[in-house]
Amino acid sequence: MVLELRVPEGHDLSDLVHTTGVGLLTYLLSFVYVGIYWNNHHHMFHLVRRVSGGVLWANLALLFCLSLFPFTTTWVSESRFEQIPVVIYGLNLLSAAVAYLVLQWVIIRQQGPESPLRQAVGNDRKGKLSVAFDVVGILSALTIGRSGHAGVWIAMACFVGIVIMWLVPDRRIYRVVRQYETPG
C-alpha cells in the first residue's frame, strides 16, 4: 500500500508535520488496518480444512475492499479530513469489516457448526463491535457538527478505536490453531 508521501522541503520537524504529517498519519492508520487483516486472515486460514468456491469469492471480496484503502486514505489525507472523504473512508473500512465477517461465516458454514473456526470465534462480539464502531463513525461524520469538524473527529476516533481493539492478533483463533497443531 504505497501512497505518495511528499518529502519535506526543510529539515525541521515542523517541515515534516506541515508537508507530510497528515499523509503520514493516515497512511499509518491504514497500514495498521491492513496489517490487522493480514494477521487475522493468516490465523483464520490455519483453521480451514478445505477451500470452496464460496470461500474464494468471499476472500476476493475482502481483497477488493482492502485494495481501495490507498485511494480512500489518500483522499482523506489530501482533503485534510473533510466530511465526505472521511465518510467514504469509513464506508471502505465498514465494507472490509463486513467482507471479513462474510468470509468467516462462509468458512464456518462450509465446515459446519463444530468447525475449529466456529470454536475459535464463538459469536464474534469483537468483529460485530468493529462494525458497530464503523457505523457510529460514519453516522457521526454525517450528522454531528455539520459546520465544524466535531463529527469527523469522532469518526476518526472510532476508526482508531477499532485499531486499538485489534492491535494484538485475535488470540481466540491463535489458541485453537495451537490446539490443532499440537500432537495428540
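This is a predicted model: local features need pLDDT of at least 70, side-chain atom pairs count only at pLDDT 80 or more; totals for chains, interfaces and linings use all residues.

Trainee: Is Phe-159 buried or exposed?

Mentor: Phe-159 is buried as well, its relative accessible area being 0%. For the protein as a whole, 42% of the 184 residues count as buried.

Trainee: How are the rings of Tyr-89 and Phe-159 arranged as a pair?

Mentor: One looks at the separation of the ring centres and at the angle between the planes, where an angle over 60 degrees counts as edge-to-face. The structure holds six aromatic pairs, and in one of them the centres of Tyr-89 and Phe-159 are 6.0 Å apart with the planes at 70 degrees, so this pair is edge-to-face. The pair also links distant parts of the chain, since Tyr-89 belongs to helix α4 (residues 83-111) and Phe-159 to helix α7 (residues 150-166), 70 residues apart.

Trainee: Which elements make up the protein?

Mentor: The protein has eight helices and zero strands. Among its contacts between residues at least 6 apart in sequence, 76% join residues at least 24 apart.

Trainee: How do helices α3 and α4 pack?

Mentor: Two packed helices are described by the angle between their axes and by the distance between those axes. Here α3 (residues 69-79) and α4 pack at an angle of about 155 degrees, with their axes 8 Å apart. Angles over 145 degrees count as roughly antiparallel, and α3 and α4 are therefore roughly antiparallel to each other. The crossing in which α3 passes α4 is left-handed.

Trainee: Which residues of α3 and α4 meet?

Mentor: From α3 come Phe-69, Thr-72, Thr-73, Trp-75, Val-76 and Ser-79, and the residues they meet in α4 include Tyr-89, Ile-88, Asn-92 and Leu-93. An α-helix has 3.6 residues a turn, so residues three or four places apart point the same way. The buried residues of α3 are Phe-69, Thr-72, Thr-73, Val-76, Ser-77 and Ser-79.

Trainee: What follows α3?

Mentor: Arg-80 follows α3, and its phi is positive, near 60 degrees.

Technical notes:
Residues are numbered from 1 along each chain as its sequence is written. Side-chain values use heavy atoms; hydrogens and water are left out. Rings of Phe, Tyr and Trp (its six-membered ring) pair if their centres lie within 6.5 Å; planes under 30 degrees apart count as stacked, over 60 as edge-to-face and the rest as tilted. Helices (H or I, at least four residues) and strands (E, at least two) are DSSP runs, numbered from the N terminus. Buried means under 20% relative accessible area, exposed over 50%, partly exposed in between (1.4 Å probe, protein chains only). Axes are lines fitted to C-alpha atoms, for helices over the stretch in contact, and angles run from 0 to 180 degrees between N-to-C directions. Angles under 35 degrees count as roughly parallel, over 145 as roughly antiparallel, 65 to 115 as roughly perpendicular and the rest as oblique. A crossing is left-handed if the near helix is turned anticlockwise from the far one by less than a right angle, and right-handed if clockwise. Contact means heavy atoms within 4.5 Å.
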